[in-house]
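Please find below a short note for discussion. The points are numbered and may be read alongside the sequence and coordinates.

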Amino acid sequence: MRVLGITGLTLAGLTVAAALALNILPTVLDEQMNTVLSHTPYRIAEDALRLHDSLIVADLHSDSTLWERDLLARADRGHVDIPRMREGNAALQIFTSVTRSPWGLNYEQNSNDSLDSVTLLSLAQGWPVATWSNLTARALYQADKLKAMELTAPAEFQMVYSAADLERLLQRRANTEPVVGGVLGTEGSHALDGKLKNIDVLFDAGFRMMSLQHFFDNKLGGSLHGESGAGLTVFGKQAVDRMLELGVMVDVSHSSPAVVVDVLDRTKKPLLVSHTGFQGHCKSERNISDELMIAIAARGGLIGVGFWGAAVCDTSPESIVAAIAYGIELVGEDHVALGSDFDGTVEVSFDVSELAVLTDEMLKAGFTEVQVRKVMGLNVVRFLGANLPR
């Protein structure tokens, strides 16, 4: 028998501690950062349930790939996984890869020199070494999780890269297959790692939507929550041009007003605001002006209403539906959709399995069936069908 010395014991102890940390810490972080407010089960009217079960439900924004959670298995934490998507009759989710986020972020002002929380999270969750310092690698790693799901369970999950893929997904669901779809997007163009060529790298990897900023200014321009308030930089203009040339859908959900104006001046193609609220409904540093929302909609854009407090001021289903109703009044029923921000370190009142509560609240609020169908998913399907590569 070999007796371990102090060094051996220390190394063994560190190894055990590291293994425990990699198994426990990601779960703890996920549980603490992606919460659902405690509530009694929602009571959904029979007519709302019948309508909801007949809907095509789609959501523009979820950060679920940031977390080390098996999305093919039903979890008791977080907001989204494939079994819960099926329970909520969710057909399609845009999964956005978060690659950089400031420690201690806020909606007023963040420095781009702030400590990056995603670096710490990648270490804590045991991500590949390449992701520790390379932001493009972080996006590709998160995309690979979804691609692996499709290979493992093609009957349950399908990637959507093109309009033809979207049509195939919808046909499969019409044939009662229990399949849900996923589209790849980025949360901020930090994923480019400052290089234009990485737009092509990400596009080739299947990314079809890219937002320009997140919580701080970057090489492309000013963030809604940054320090400069600046518009597009020269690099930002080049990046937007290349995205549009490839057929990438541009998302301005965290961009400064000046960036939004610059993008609108640069293209006639429709833009996305994937997760947001309306200033006229919820006066918040998170939301851009109603005037800009009107301009985005006038170009055929689509606005995803979020489910968390900073976007809608109250996370209750009633308040979310009130924000949707405000948006319809402001920009029209063809330009409003769901943009949950599920798994985006937010606190919400329901997870993806409980989406029927929105259908119920819309009917209570006097929405027509046509309006419910559009907001709950048909507007997203129409937008993707028109803007995904063919």
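Does glutamine 93 count as buried or exposed?

1. The model under discussion is predicted. Glutamine 93 has a relative accessibility of 2% and therefore counts as buried, the limit for that class being under 20%. This residue belongs to strand β3, which spans residues 90–98.

2. Beyond its sequence neighbours up to four places away, glutamine 93 touches Asp59, Leu60, His61, Ser62, Met85, Gly181, Gly182 and Val183.

3. Aspartate 193 is found in the loop that joins β5 (180–187) to α7 (197–204). Its relative accessibility is 26%, so aspartate 193 counts as partly exposed.

4. With residues up to four places away in sequence set aside, the contacts of aspartate 193 are Asn134, Leu135, Thr136 and Asn198. The aspartate 193 side chain comes to 3.4 Å from the backbone nitrogen of leucine 135. Between aspartate 193 and alanine 137 the C-alpha to C-alpha distance is 9.2 Å, although 56 residues separate them in sequence.

5. Helix α5 (residues 135–152) packs with α7 at an angle of about 10°, and their axes lie 11 Å apart. The two helices, α5 and α7, are therefore roughly parallel to each other, as angles under 35 degrees are so classed.

6. In this packing, Thr136, Ala139 and Leu140 of α5 meet Asn198, Val201 and Leu202 of α7. By class, the residues of the α5 and α7 contact comprise four nonpolar, two polar and no charged.

Key. Residues are numbered from 1 along each chain as its sequence is written. This is a predicted model: local features need pLDDT of at least 70, side-chain atom pairs count only at pLDDT 80 or more; totals for chains, interfaces and linings use all residues. Side-chain values use heavy atoms; hydrogens and water are left out. Helices (H or I, at least four residues) and strands (E, at least two) are DSSP runs, numbered from the N terminus. Buried means under 20% relative accessible area, exposed over 50%, partly exposed in between (1.4 Å probe, protein chains only). Contact means heavy atoms within 4.5 Å. A polar contact is a pair of N or O atoms within 3.5 Å; within protein, one must be able to donate a hydrogen and the other to accept it, and residues adjacent in sequence count only if both atoms are side-chain atoms. Axes are lines fitted to C-alpha atoms, for helices over the stretch in contact, and angles run from 0 to 180 degrees between N-to-C directions. Angles under 35 degrees count as roughly parallel, over 145 as roughly antiparallel, 65 to 115 as roughly perpendicular and the rest as oblique. Ala, Val, Leu, Ile, Met, Phe, Trp, Tyr, Cys and Pro count as nonpolar, Asp, Glu, Lys and Arg as charged, and the others, Gly among them, as polar.
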